[in-house]
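We'll take a walk through the fold, one piece at a time.

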Amino acid sequence: MIAVELHGGLGNQLFQASASLAIGWRLGAGVQFDLSRFRPGTKRRYELGRFAHGAEELSAPGWLRPGQKLLKAMGLGRKRAPLGFARPLVQEGHFHFDPRFETVSGSAYLRGLFQSPLYFGPYASELRRIFALEPHVSARARELAALLSPRTLAIHIRAGDYQNPKFADVHHVLTPDYYLRAIECVSAEAQIDQVIVMSDSNEAIPLRLPQGLPYSIVSSTSALDDLFLMSHAKHNIIANSTFSWWGAWLGNPEGRVVVAPKQWFAPPYQAKVSTKDLFPPHWRVV
């Protein structure tokens with residue numbers, strides 16, 4: 001049995017789920033999603049329950065939490081699998097791809113971010129089938145998708161929470177220069193006759209995009225709707241966000257031009273990690 005600790009938003013959960021499913025498929029093992037961190041009152045919620053991924057969804061019993069808190073206070077909480085998951089802990093050693101995960105050969109509890117397609121590349125087609133978005137989005141999103149040109153570019157701008165000073169050491173809002181260079185990169189390789197823009201802060205959009213660029217802002221109340229429209233567009237310019245990473249990856253890869261930012265994290269944090277395995281090799285990084 002392969003268990004994985006799920007946490008964070010939709011993009012993070014997709015990475016964690018995909019890595020664990022890939023190991024489970026390779027071993028012919030069952031997979032469990034540990035949802036213990038999605039407790040009432042926490043900011044994030046579990047987002048993958050509507051998909052037919054085949055994993056067992058469970059949380060450690062509430063009566064084990066005092067024991068887990070005690071282990072954490074003793075400095076042991078992150079050095080072993082949580083109480084209720086009696087199996088060896090396999091923890092991601094660094095941000096870039098950890099090849100130890102290719103050697104997992106028995107039951108394990110996985111903990112990490114797993115933000116690289118190298119964790120699940122051989123199963124790309126299966127994952128795109130499982131996490132197909134169209135059956136789960138609103139009728140409005142499907143109507144908007146039907147109106148998109150075959151030469152549509154989707155741009156994502158992440159600004160809302162990244163403007164919070166408490167995230168400044170790790171995350172940053174991408175500069176207008178990035179979007180200008182990204183648009184030039186796409187335009188050099190593909191014909192574009194429609195641009196749609198999605199953001200968690202519509203006020204930030206005109207501050208990031210070149211003046212005179214014709215675009216339509218797509219606003220919806222559903223993260224899945226936005227992800228679906230990103231994936232349905234022909235080409236993508238993503239933000240430094242796992243959300244738009246998946247918006248580009250879940251789309252049909254044939255003929256798709258994807259531009260991603262080299263400066264994924266704030267400079268002080270990026271100096272500590274390597275993002276060399278974060279993007280598929282055919283994506284353009286500027």
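Predicted model: local features only at pLDDT ≥ 70, side-chain atom pairs only at ≥ 80, totals over all residues.

Residues are numbered from 1 along each chain as its sequence is written, and side-chain values use heavy atoms, with hydrogens and water left out.

Start with the five-stranded open sheet, which runs β3-β2-β1-β5-β4 with parallel pairing. Strands here are DSSP E runs of at least two residues, helices are H or I runs of at least four, and both are numbered from the N terminus; two strands pair if DSSP finds at least two bridges between them. At the edges sit β3 (56-58) and β4 (89-91), each pairing on one side only. Further in, β1 (residues 2-5) and β5 are joined in the parallel sense by three bridges, and Val4 stands opposite Leu110 in β5. Helix α1 packs on this sheet, touching β1, β2 (31-34) and β5, and its direction makes about 170° with that of β1. Contact means heavy atoms within 4.5 Å, and angles run from 0 to 180 degrees between N-to-C directions, with axes fitted to C-alpha atoms (for helices, over the stretch in contact).

How covered is α1? Of its 18 residues, 15 are buried, where buried means under 20% relative accessible area with a 1.4 Å probe, protein chains only.

Most residues other than glycine have a negative phi. Phe114 has a positive phi of about 55° although it is not a glycine. You'll find Phe114 in the loop between β5 (108-111) and α3 (124-130), and it is buried, with a relative accessible area of 0%.

Over to the other sheet: six strands, open, in the order β8-β7-β6-β9-β10-β11, again with parallel pairing. Its edge strands are β8 (216-217) and β11 (284-285). Two bridges link β9 (residues 235-237) to β10 (residues 258-260), with Asn236 opposite Val258 in β10. Helix α5 (residues 176-189) lies across β6 (152-157), β9, β10 and β11, at about 160° to β9.

Last stop, Ser231 in helix α7 (residues 223-232). Ser231 counts as buried at 12% relative accessibility. Beyond its neighbours within four places in sequence, Ser231 is in contact with residues including Leu133, Gly247 and Arg256.

Terms used
Buried < 20%, exposed > 50% of the residue type's maximum accessible area, 1.4 Å probe, protein only.
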